[in-house]
Amino acid sequence: MAGFRYQGLDSAGKQLEGVVEADNARLARVKLRDQGLWVLDMEELSSGETPGKRSRSGGVSTAELALITRQFATLLDAGLTIERALTVLIEQAENLRLRDVLAGVRSEVLAGSPMSIALSRHPRVFPELYRTIVRAGEESGKASGVMARLADYIEARQALSAKVALAFVYPAVVLSVSMLVIIGMLWWVVPQMVGVFQSSKQELPLLTRALLAISGSIREYGVIGFILLGLVGFVFSRLLKQEGFRNRLDARLLQLPLFGRLNKAGNTARLASTLSILVGSGVPLLKAMEAAAGVVENRVLRAAVTGAARDVREGAQLSKALERQKLFPPVLVHLIASGEASGRLETMLDKAARQQAGELEQRVATFTSLLGPVMVLLMGVAVLLIVLAILLPVFEMNQLVK
């Protein structure tokens, strides 16, 4: 049975589109006509369809991926076959792109391919780590349990990312509003207020003259400045695509006093949680390390994981291999060593992931709780200087009158 993407009209003349499954295109049209739809266009979903042309497989969010993974695990645990579970997911999916992807996966499975192979046809939706875990579930015969663990993993990663992102929302809003207020005052308020004193031919105070110079520069060169900022951003984005520049930047990030620790804690938490679920799903340690290296965003740390995997291949213990890299937190190394000694590596990796995630959340919370008041204080100082620059000429004129 194959999947077909269609566009059609219902009895009320409303245009609809979606995916229908049938043995061939003719039966698909018959099925849609029985549902009261007039088919305008139809095309078969290729099992190997890649993003591009008309494929919509690139627009599936992490939240949607976590949701369908949880639903899939629940359906498998309830005793449904993989084919039937995929059918239910297709019927429930509201995202048309996701529905297309699931229909293509189901077609591959019905054709006899393992699910992990079917998922590999859509690498932008199902990353290598996801497919590796699914393959481990197929090989162990514990697909429902492995999918449940995978859903937990995706949800935990999403929750951690959301917490970190939300923690920076307030400082970002305060910074944006502060910059807009200060630029607005320098652009409009200062010239209007101080212009009155300039006509009196009186020498203005130094602070007022400095603020007028800044205001004049913003009014005269502000547009050019924004254009230059845009060009700098464009050049920087291009440089980020160069391997050498990205490696140097990631190395420098790790050396920063605060952001270096945040970067290391975030990457370490992802590494430990990924290794935990892979090892717990029955994936060999070496294969697990190769897959886990892909979730480490910092290039320097990723190279360290690759180097540690090379040492493990040569017979070294995981804890010793990570310790030799001299980049990973000692608590991670000690917890892994304890897990290796006690035969509970999966448990200790999970504990290490939770510890690193907790440390990351604590550091981010501390940083943002201090950053907000500091930014408010700086904005207050800037506004105070602007007000003083406006009032100082008034005070001097009063002194002259007396």
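# Notebook: a look around a predicted chain

**Entry 1: Threonine 268.** I began with threonine 268, which touches Pro329, Leu332 and Gln356 when residues up to four places away in sequence are not counted; a contact means heavy atoms within 4.5 Å. I found threonine 268 in helix 11, residues 259-280. Helices here are DSSP runs of H or I with at least four residues, strands are runs of E with at least two, and both are numbered from the N terminus. Is threonine 268 buried or exposed? Threonine 268 is buried, as its relative accessible area is 1%. For this label I used these cut-offs: buried is under 20% relative accessible area, exposed is over 50%, and partly exposed is in between, with a 1.4 Å probe and protein chains only.

**Entry 2: Ground rules.** I noted that this is a predicted model, where local features need pLDDT of at least 70, side-chain atom pairs count only at pLDDT 80 or more, and totals for chains, interfaces and linings use all residues. Residues are numbered from 1 along each chain as its sequence is written, and side-chain values use heavy atoms, with hydrogens and water left out.

**Entry 3: Confidence.** I looked up pLDDT, the predictor's confidence in each residue, from 0 to 100. The chain has a mean pLDDT of 81, and 91% of its residues reach 70 or more. Where is confidence lowest, and where is it highest? It is lowest in strand 2 (residues 15-22), with a mean of 71, and highest in helix 14 (residues 318-325), at 92. I also marked residues 47-58, where the pLDDT is below 50; this stretch has 27 contacts in the model beyond near neighbours in sequence. A reminder to myself: where pLDDT is low, the predicted coordinates should not be read in detail.

**Entry 4: The whole chain.** I read off 16 helices and 3 strands in the chain. The radius of gyration is 30 Å, well over the 21 Å that the globule rule gives for 402 residues, so the chain is more spread out than a compact globule. That radius is taken over C-alpha atoms, and the rule is 2.2 Å times the number of residues to the power 0.38. Along the principal axes, the C-alpha atoms fill a box of roughly 95 × 70 × 35 Å. Of the 402 residues, 39% are buried. Among contacts with a separation of 6 or more, 61% come from residues 24 or more positions apart.

**Entry 5: Surface and charge.** I noted an accessible surface of about 22,100 Å², with 60% of it belonging to carbon and sulfur atoms. Such areas come from the Shrake-Rupley method with a 1.4 Å probe, and for residues only the protein chains shown count as cover. The chain has 46 positive and 36 negative charges, and their mean positions are 6 Å apart. Lys and Arg count as positive and Asp and Glu as negative, while His and the chain ends are not counted. Each charge is placed at NZ of Lys, CZ of Arg, CG of Asp or CD of Glu.

**Entry 6: Helix 8.** I looked up two residues here. Glutamine 192 sits in helix 8 (residues 169-198) and is partly exposed, at 46% relative accessibility.

Entry 7: I found serine 217 in helix 9 (residues 206-239), partly exposed at 38% relative accessibility. Serine 217 and leucine 186 are 31 residues apart in sequence, and their C-alpha atoms are 9.7 Å apart. Glycine 137, in helix 6 (residues 128-140), is buried at 2% relative accessible area. Neighbours within four places aside, glycine 137 is in contact with Lys142, Ala143 and Val146.

**Entry 8: Lysine 326.** I ended in the loop between helix 14 and helix 15 (330-342), where lysine 326 is found. Lysine 326 is exposed, at 72% relative accessibility. Lysine 326 has a positive phi of about 60 degrees although it is not a glycine. Most residues other than glycine have a negative phi.
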